[in-house]
Amino acid sequence: MKLPEIQDAIREEGLDGWLFFDHHERDPLAYRVLKFRPQGTTTRRWYYFVPAAGEPLGLVHNIESHVLDPLPGGKIRYSDWSAQVNGLKRILGGAAKVAMQYSPRCAIPYVSLVDGGTIELVRSLGVEVATSANLVQLFEARWSGAQLNMHLEAGRRVDRVRAAAFERVRECLQSRTRLHEFDIKNFVREGFEREGLVTDHGPIVAVNANMSDPHYEPGPESAEIRSGDALLLDMWAKLKQPEAVYYDITWTGWCGASPPENMRTVFRVVSEARDRAVARVKAAVERGQPVHGFEVDDAARGYIREQGYADFFVHRTGHSIGEEVHGTGANMDNLETHDERRIIPGTCFSVEPGIYLPEFGIRSEVNVYVGEREARVTGEIQRELVAILN
């Protein structure tokens with residue numbers, strides 16, 4: 001647990017402390033930020049308060065009194081509900097405003113993990129509850145140098161599997177071997193296994209109209225991939241190593257030598273929107289200026305709107321990437337939420353605008369890592385549609 005750093009950040013946010021709470025391990029962020037695993041089961045509520053200055057205090061149930069033993073500071077025990085309320089008052093120590101894993105109006109669902117009743121309980125003690133979103137990003141979303149290196153290596157391996165998947169489609173089309181979306185999904189998963197990669201689900205392999213479902217995932221009865229089809233591959237994976245982080249990309253192609261002009265047009269619009277979003281981040285970082293998630297979304301979405309496709313771009317421009325493919329840092333979002341969090345050094349996110357028409361959809365996804373003085377795309381960038389049959 002990085003207590004001095006956490007307390008510095010609490011003061012920087014103008015808060016009196018950060019109150020952690022859990023029951024039945026519902027809040028994985030609490031364990032990751034505090035860097036501990038509970039001792040035994042967690043079937044009773046525990047609280048842990050890190051003040052802006054001074055020693056932390058915990059509140060634990062008598063039945064599970066050792067749950068917070070790995071953490072510094074004193075621990076108060078309770079059994080009945082009134083002792084719990086009194087204990088919570090004691091550990092808060094007169095604090096007026098504290099952070100919790102809460103997001104006003106659930107604007108950032110990844111952070112909004114504490115139940116409404118517990119928020120009400122804390123407020124009933126005269127304490128204002130603020131969101132911990134900025135704090136979580138500082139202590140959960142930033143990567144170490146080792147994690148960046150693991151991401152880059154995962155990218156090299158995922159890109160090899162992606163190229164092999166398009167080549168597999170080409171071989172089957174040339175040999176007139178029947179091939180379905182589900183076959184390529186399995187081909188990718190087998191490639192991940194050979195490359196020492198893991199993933200939580202996926203990948204997305206979609207042809208034609210299926211490409212216009214951003215979360216489509218083929219099953220055994222999937223569509224056949226034929227000559228003259230459009231094809232989308234969305235793939236994400238990480239190394240089989242502790243603390244590894246994801247690499248997440250989307251590429252699109254045409255099962256023929258020359259894609260139709262309407263597909264080329266849509267790809268040009270999507271790739272330009274992608275590049276404008278990346279450029280917005282790069283320019284701000286190089287100039288030492290703040291840039292926020294919603295501004296990056298605006299850069300991509302504004303261009304797509306200018307080109308007349310606004311109604312066909314139905315999701316945010318990008319998401320935070322971490323040990324989970326959808327991380328807890330700032331999202332590139334001014335559609336599903338208005339993400340006002342600043343993009344901070346040491347974090348990574350996807351940029352993946354898409355246009356989804358009834359007959360096909362195009363998405364182009366890259367990963368952007370932000371350092372202290374520069375931002376960069378961490379893998380290959382698709383510049384034109386893949387011509388799968390030459």
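Contact, in this note, means heavy atoms within 4.5 Å. The model is predicted: local features need pLDDT of at least 70, side-chain atom pairs count only at pLDDT 80 or more, and totals for chains, interfaces and linings use all residues. Residues are numbered from 1 along each chain as its sequence is written, and side-chain values use heavy atoms, with hydrogens and water left out.

1. **R157.** This arginine lies in helix 6. Helices (H or I, at least four residues) and strands (E, at least two) are DSSP runs, numbered from the N terminus. Not counting residues up to four places away in sequence, R157 touches E195, G196, L197 and L239. Its side chain also makes a polar contact with the side chain of E153, at 2.9 Å. A polar contact is a pair of N or O atoms within 3.5 Å; within protein, one must be able to donate a hydrogen and the other to accept it, and residues adjacent in sequence count only if both atoms are side-chain atoms. An α-helix has 3.6 residues a turn, so residues three or four places apart point the same way.

2. **The largest nonpolar core.** A nonpolar core is a set of buried Ala, Val, Leu, Ile, Met, Phe, Trp, Tyr and Cys residues joined through side-chain atoms within 4.5 Å. Buried means under 20% relative accessible area, exposed over 50%, and partly exposed in between (1.4 Å probe, protein chains only). The largest core holds 50 residues, and I343 and I362 touch the most other members. The elements that give two or more residues to this core include strand 8 (204-207), strand 9 (230-239), helix 9 (293-306) and strand 16. Helix 8 gives the most, with 11 residues.

3. **Around I362.** Which residues is I362 in contact with, leaving aside its neighbours within four places in sequence? They are M211, T252, M263, V266, F267, V270, P353, G354, I355 and L385.

4. **A second core.** A separate core of 31 residues includes V161, L179, L239 and I249. L239 is also one of the residues that R157 touches.

5. Four strands form an open sheet in the order 11-12-15-16, with antiparallel pairing. Strand 11 (320-321) and strand 16 (375-377) stand at the edges; each has a single partner strand, so one side of each is left without a neighbour in the sheet. Two strands pair if DSSP finds at least two bridges between them. Strand 12 (residues 347-351) and strand 15 (residues 366-370) run antiparallel and are joined by five bridges. T347 has V370 of strand 15 as its bridge partner.

6. Strand 2 (residues 46-51) pairs with strand 3 in the antiparallel sense over three bridges. Y47 has L59 of strand 3 as its bridge partner. The two strands form a hairpin with five residues between them, and G54 in the turn has a positive phi of about 100°. Strand 3 pairs with strand 4 (residues 74-78) in the parallel sense over five bridges. Here G58 has K75 of strand 4 as its bridge partner. Strand 3 (residues 57-61) is mostly covered, with four of its five residues buried.

7. **Helix 5.** In helix 5 (residues 133-141), the residues A133, L135, V136, Q137, F139 and A141 are buried. These buried residues pack against helix 1 (3-12), strand 1 (17-22), helix 2 (28-34), strand 5 (97-100), strand 6 (128-131) and strand 12.

8. **Cysteines.** How many disulfides does the structure hold? There are zero disulfides, a disulfide being a pair of cysteine sulfur atoms within 2.5 Å. C255 is in no disulfide; the nearest cysteine sulfur, that of C172, is 11 Å away. C255 is buried, with a relative accessible area of 0%. C106 is partly exposed, with a relative accessible area of 40%.

9. **Backbone points to check.** The peptide bond from G202 to P203 is cis, with omega near 5°. P203 is in the loop between strand 7 (197-198) and strand 8. C106 is not a glycine, yet it has a positive phi of about 55°. C106 sits in the loop between strand 5 and helix 4 (116-124). R176, also not a glycine, has a positive phi of about 60°. R176 is found in the loop between helix 6 and helix 7 (181-194). R176 is exposed, with a relative accessible area of 78%.
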